[in-house]
Structures are given as structure tokens and as C-alpha cells.
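Here are some notes to read with the model open beside you. Take the points in order and find each residue as it comes up.

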Amino acid sequence: MYYAQAWHLAIHNIPLFLEDFQAWVHGPVIPELYQKYKNFGWQPILKDVNPQLSENIKEFLDEVAQEYFACDAYELEQMTHVEAPWNLARGNLPPDAPSNAIIKKEWMKEYYGSRVEEED
């Protein structure tokens with residue numbers, strides 16, 4: 001969800017969804033989604049959902065999935081921990097300190113937007 005939002009902001013200049021991520025110890029989290037799916041733990045989320053999405057959004061999400069689904073939770077955590085948006089939200093907190101600080105969409109847009117320019 002985090003990388004889908006980040007890349008959508010960077011490429012399309014608008015959020016994919018309105019919810020904000022918080023800079024939790026193990027990475028970016030939308031608390032409502034965490035509460036909804038936490039019972040799955042480290043296992044795949046096996047729940048049927050059929051959101052009504054445009055073809056453009058489906059294609060975009062497929063591209064993000066192709067890029068990131070090969071990564072396990074640890075790899076994703078390590079990736080977010082070296083990227084500016086999560087670090088900006090956490091500030092000078094110790095690595096194991098709890099936080100509900102918001103990762104601002106502007107930070108995501110700016111950071112991933114600069115990476116889009118690098119890849120062009």
C-alpha cells in the first residue's frame with residue numbers, strides 16, 4: 001500500500017487514497033488497515049475483495065506489485081527505513097521507539113518524484 005501510494009503521488013501528482021501512513025517502528029502503517037488485517041500476522045492475507053477500479057489503476061497496481069511482491073516483510077522494512085519520508089516523520093526517535101507521526105504525502109511525492117526523474 002505504501003509504495004503504491006508513493007509512486008502514484010510521484011507519477012500522477014495525486015494520492016491513490018486519502019488515508020495517511022504513520023511511521024511505526026517496522027515501517028509505514030495505516031492503523032485502520034493494520035487493525036483490520038493484523039490477525040493474518042506474517043501470513044498472506046487471504047480475503048476476497050473486489051474493489052471497483054479503473055483499468056488505469058489496475059495496470060498501475062499490477063506494475064507496483066511486480067516490483068515489490070518479490071520482497072519479504074524484512075526487505076520492505078529495510079527499504080523504507082533508509083528512505084527520506086519515513087525518516088523525516090520519525091525525526092530523532094530511537095529505532096525502537098513507538099511513533100504515530102504522519103508520513104506526509106508531500107514528502108512521499110517529493111522523494112519518489114526525484115526517483116522517477118533518476119530512472120528517466
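Is Thr-80 buried or exposed? Hold that thought; the model is a predicted one, and point 1 takes up the residue.

1. **Thr-80.** Look in helix H4, where Thr-80 has its place. Its relative accessibility is 4%, so Thr-80 counts as buried. The cut-off for that word is under 20%. Now look at what surrounds Thr-80. Leaving aside residues up to four places away in sequence, Thr-80 touches Tyr-2, Tyr-3, Gly-27, Pro-28, Trp-86 and Asn-87. Two of these names, Tyr-2 and Tyr-3, come back in point 4 as buried residues of H1. Gly-27 comes back in point 3, in strand E2.

2. **The whole chain.** Step back for a moment. The protein chain has six helices and three strands. Along the sequence they follow the pattern α-β-β-α-α-α-α-β-α. The radius of gyration is 14 Å, close to the 14 Å that the globule rule gives for 120 residues, so the chain is as compact as a globular protein of that length. The C-alpha trace spans about 40 × 40 × 25 Å along its principal axes. Of the 120 residues, 32% are buried. Contacts also reach along the chain. Take those between residues at least 6 apart in sequence: 64% of them join residues at least 24 apart.

3. **The sheet.** Find the three strands. They form an open sheet in the order E2-E1-E3, with antiparallel pairing. E2 and strand E3 (102-103) are the edge strands, and each pairs on one side only. Start with E1 and E2. A hairpin joins them through two residues, and three bridges hold the antiparallel pair. Within this pair, Trp-24 stands opposite Gly-27 in E2. Then turn to E1 and E3. Two bridges link them, again in the antiparallel sense. Here Gln-22 has Ile-102 in E3 as its bridge partner.

4. Asn-13 follows H1 and sits in the loop between H1 and E1. Check its backbone. Most residues other than glycine have a negative phi. Asn-13 is not glycine, yet its phi is positive, near 70°.

5. **Asp-62.** Move to helix H3, where Asp-62 lies. Its relative accessible area is 47%, so Asp-62 is partly exposed. Ala-4 is 58 residues away along the chain, but the C-alpha atoms of Asp-62 and Ala-4 are separated by 9.7 Å.

6. **Lys-105.** Is this lysine, Lys-105, buried or exposed? Its relative accessible area is 16%, so Lys-105 is buried. Look for Lys-105 in helix H6 (residues 105-119). Not counting residues up to four places away in sequence, Lys-105 touches Gln-5, Leu-9, Pro-15, Phe-17, Leu-18, Glu-19 and Asp-20. Ile-45 is another matter: 60 residues separate Lys-105 and Ile-45 along the chain, and 26 Å lies between their C-alpha atoms.

7. **The largest pocket.** Rolling a probe the size of a water molecule over the atoms shows where empty space is left. The largest pocket holds about 2200 Å³ of space. It is lined by 42 residues, and the closest to its centre are Met-1, Tyr-2, Leu-33, Tyr-37 and Ile-45. What kinds of residue make up the lining? By class there are 30 nonpolar, six polar and six charged residues. Helix H1 (2-12), strand E1 (21-24), strand E2 (27-29), helix H2 (31-37), helix H3 (55-68) and helix H4 (73-81) each supply at least two lining residues. H3 gives the most, with five.

How values were computed: Residues numbered from 1 in each chain as written. Predicted model: local features only at pLDDT ≥ 70, side-chain atom pairs only at ≥ 80, totals over all residues. Heavy atoms only, no water. 1 Å grid on protein atoms, 1.4 Å probe; cavity = no way out; pocket = protein on both sides within 12 Å on 5 of 7 lines; lining within 4 Å. Points joined across faces, edges and corners; volume = space filled by probe spheres on them. Helix = DSSP H or I, 4+ residues; strand = E, 2+ residues; numbered from the N terminus. Nonpolar A, V, L, I, M, F, W, Y, C, P; charged D, E, K, R; others polar. Pairing = 2+ DSSP bridges. Buried < 20%, exposed > 50% of the residue type's maximum accessible area, 1.4 Å probe, protein only. Rg over C-alpha atoms; globule rule 2.2 N^0.38 Å. Contact = heavy atoms within 4.5 Å.
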